Amino acid sequence: MFKHLAEDVTFLLIKNKMLDIQSYEIYLYAVEVIILNGSLLLTCLLISILSGELFHILAFILFFIPLRMLVGGYHCKRSEVCFLCSVGVYGLSIVLVHCAENLYVNIVMQILGILSIIVIIVFSPLINSNHPLEKYQIKRNKKIIYGMIAVDFVLYAVFYKLNLTMVSSETVFIILVALTLLLGTLKNIRNIYRENRLIEERN
């Protein structure tokens with residue numbers, strides 16, 4: 001669905017000479033990503049409005065999206081699957097926060113949050129074929145990630161001190177970033193194992 005829509009939009013832009021046809025594949029991918037992320041954000045906003053959890057979408061924008069973009073992690077092969085999984089996980093995170101408003105004082109969640117930060121520091125940014133990075137980009141991204149974690153920690157302390165329930169949302173999203181990173185790392189390891197096995201079989 002998203003790819004077909006992106007194809008139509010890209011074709012229309014090229015037809016009106018707004019884009020260069022020689023870079024069709026690049027523009028197609030960019031348009032698909034924009035449509036997917038835009039649809040995802042609007043859907044999550046709608047879910048937040050209907051559930052009365054507007055602070056949750058704010059936490060999603062502040063704590064999940066920036067880290068997820070730089071840290072990297074698991075990516076679905078198809079945009080439709082990505083959309084459904086993302087909306088599903090977002091919906092579950094709202095249920096979790098809604099049913100346990102004081103989630104941030106839960107010792108298990110606090111430990112998971114700390115472990116998630118350690119995972120992010122150790123394993124990010126994730127390098128794979130879909131997300132190649134030069135050495136200078138890796139160093140730059142690491143510095144930005146460390147800075148973002150420091151800011152998130154300060155905001156956590158402020159929210160915690162003020163007893164704002166938004167701190168529960170922040171904790172959940174930090175854990176989700178770490179989980180997607182771990183899943184992406186495991187997928188990389190599996191792909192490397194398969195490639196090595198194929199090489200051995202050919203030899």
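This is a predicted model: local features need pLDDT of at least 70, side-chain atom pairs count only at pLDDT 80 or more; totals for chains, interfaces and linings use all residues.
Pro-125 lies in the loop between α5 (107–123) and α6 (135–161); helices here are DSSP runs of H or I of at least four residues, and strands are runs of E of at least two, numbered from the N terminus. The peptide bond from Ser-124 to Pro-125 is cis, with omega near -5°. For context, most peptide bonds are trans.

Residues are numbered from 1 along each chain as its sequence is written, and side-chain values use heavy atoms, with hydrogens and water left out.

The protein has seven helices and zero strands. Of its 203 residues, 35% count as buried, that is, under 20% relative accessible area with a 1.4 Å probe and protein chains only; exposed means over 50%, and partly exposed lies in between. Among contacts (heavy atoms within 4.5 Å) between residues at least 6 apart in sequence, 75% join residues at least 24 apart.

α6 has 27 residues and reaches 39 Å from its first C-alpha to its last, close to the 39 Å expected at 1.5 Å a residue; the expected span is 1.5 Å times one less than the number of residues. Its buried residues are Gln-137, Asn-141, Ile-145, Met-148, Ile-149, Asp-152 and Phe-159. What covers them includes α3, α5 and α7. Just after α6, Asn-163 takes a positive phi of about 55°.

Next, α3 (54–71). This helix has 18 residues and spans 25 Å between its first and last C-alpha, close to the expected 26 Å. There is a kink of about 35° in α3, centred on Phe-60, the bend being the angle between axes fitted to the seven residues ending at a residue and the seven starting there. Just after α3, Gly-72 has a positive phi of about 85°.

Which residues touch the most other members of the largest nonpolar core? Of its 36 residues, they are Phe-60, Leu-67, Val-71, Tyr-90, Ile-120, Ile-145 and Phe-173. Such a core is a set of buried Ala, Val, Leu, Ile, Met, Phe, Trp, Tyr and Cys residues joined through side-chain atoms within 4.5 Å. The elements giving two or more residues to this core are α2 (24–51), α3, α4 (79–99), α5, α6 and α7 (166–202). The largest share, ten residues, comes from α7.

Phe-173 touches His-56, Ala-59, Phe-60, Phe-64, Tyr-90 and Ser-93, not counting residues up to four places away in sequence. The structure holds seven aromatic pairs: rings of Phe, Tyr and Trp (its six-membered ring) whose centres lie within 6.5 Å, with planes under 30 degrees apart counted as stacked, over 60 as edge-to-face and the rest as tilted. Phe-64 and Phe-173 form a tilted pair, 5.9 Å centre to centre with 55° between the planes. This pair links helix α3 to helix α7, 109 residues apart, and both Phe-64 and Phe-173 are buried. Ring pairs join Phe-60, Phe-64, Tyr-90 and Phe-173 into a cluster.

Finally, the structure holds one salt bridge, defined as a side-chain nitrogen of Lys or Arg within 4 Å of a carboxyl oxygen of Asp or Glu. Arg-78 forms a salt bridge with Glu-80, the closest N and O atoms being 3.7 Å apart. Arg-78 is exposed, at 52% relative accessible area, whereas Glu-80 counts as buried at 18%.
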